[in-house]
Amino acid sequence: MGVIKLKNIRTFSYHGCLIEEGKIGSDYTVDLKIKTNLQKSAQTDHLLDTVDYVHLNKIVTEEMAIRSHLLEHVAKRINNRVLSEIEMIEKTTVWVSKINPPIGGDVETVTIKMTETRK
């Protein structure tokens, strides 16, 4: 097994339970880690033999553009889509972080981490 990780994908999105969050939006970061067999691509040096991280980034940015009330919902959608679109991935973990969440305190980020494994 091998790991590919995309760190600190930055988006401006409109997630949250408050009406204001859906109108004004806020900054988010996403980390995505996938587990897959990288032995063939390590030998062949061909993109078709590995997971294209451009595709992974596209999934994250497209799912982050769809408004949700909960970060858990966004994380679940990202993991499900990664597994459904890229068959060679065995496991995916996503961290979705809201920067400066409106929770009445000095909090840098709130982060949701979720993992899904191919069945």
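Okay, let's start at a loop: Asn100 sits in the one between β3 (89–99) and β4 (109–117). A word on those labels: helices (H or I, at least four residues) and strands (E, at least two) are DSSP runs, numbered from the N terminus. Phi of Asn100 is near 50°, so a positive value, in a residue that isn't a glycine. Asn100 is also exposed, at a relative accessible area of 56%. For that scale, buried is under 20% relative accessible area, exposed is over 50%, and partly exposed is in between, using a 1.4 Å probe and protein chains only.

Before going on, some ground rules. This is a predicted model, where local features need pLDDT of at least 70 and side-chain atom pairs count only at pLDDT 80 or more, while totals for chains, interfaces and linings use all residues. Residues are numbered from 1 along each chain as its sequence is written, and side-chain values use heavy atoms, with hydrogens and water left out.

Now, which other asparagine has a positive phi? Asn8 does, at about 60°, and again it is not a glycine. Asn8 lies in strand β1, residues 2–13, and is partly exposed, with a relative accessible area of 37%.

Back to β3, which also holds Ser97. Buried or exposed? Ser97 is buried, at 9% relative accessible area. Its side chain makes a polar contact of 2.6 Å with the side chain of Thr111. By polar contact I mean a pair of N or O atoms within 3.5 Å; within protein, one must be able to donate a hydrogen and the other to accept it, and residues adjacent in sequence count only if both atoms are side-chain atoms. Setting aside neighbours within four places in sequence, Ser97 is in contact with residues including Asp27, Tyr28 and Thr29, as well as Val110. Contact here means heavy atoms within 4.5 Å.

Let's zoom out. The protein has 4 helices and 4 strands, and along the sequence they run β-α-β-α-α-α-β-β. The C-alpha atoms fill a box of roughly 50 × 25 × 20 Å along the principal axes. Of the 119 residues, 41% count as buried. Among contacts with a separation of 6 or more, 62% come from residues 24 or more positions apart.

Last, the record. An unreviewed UniProt entry lists residues 4–116 as "domain: Dihydroneopterin aldolase/epimerase"; such annotations may be inferred rather than shown by experiment. In the model, the end C-alpha atoms of residues 4–116 lie 15 Å apart, and the span is 35% helix and 35% strand.
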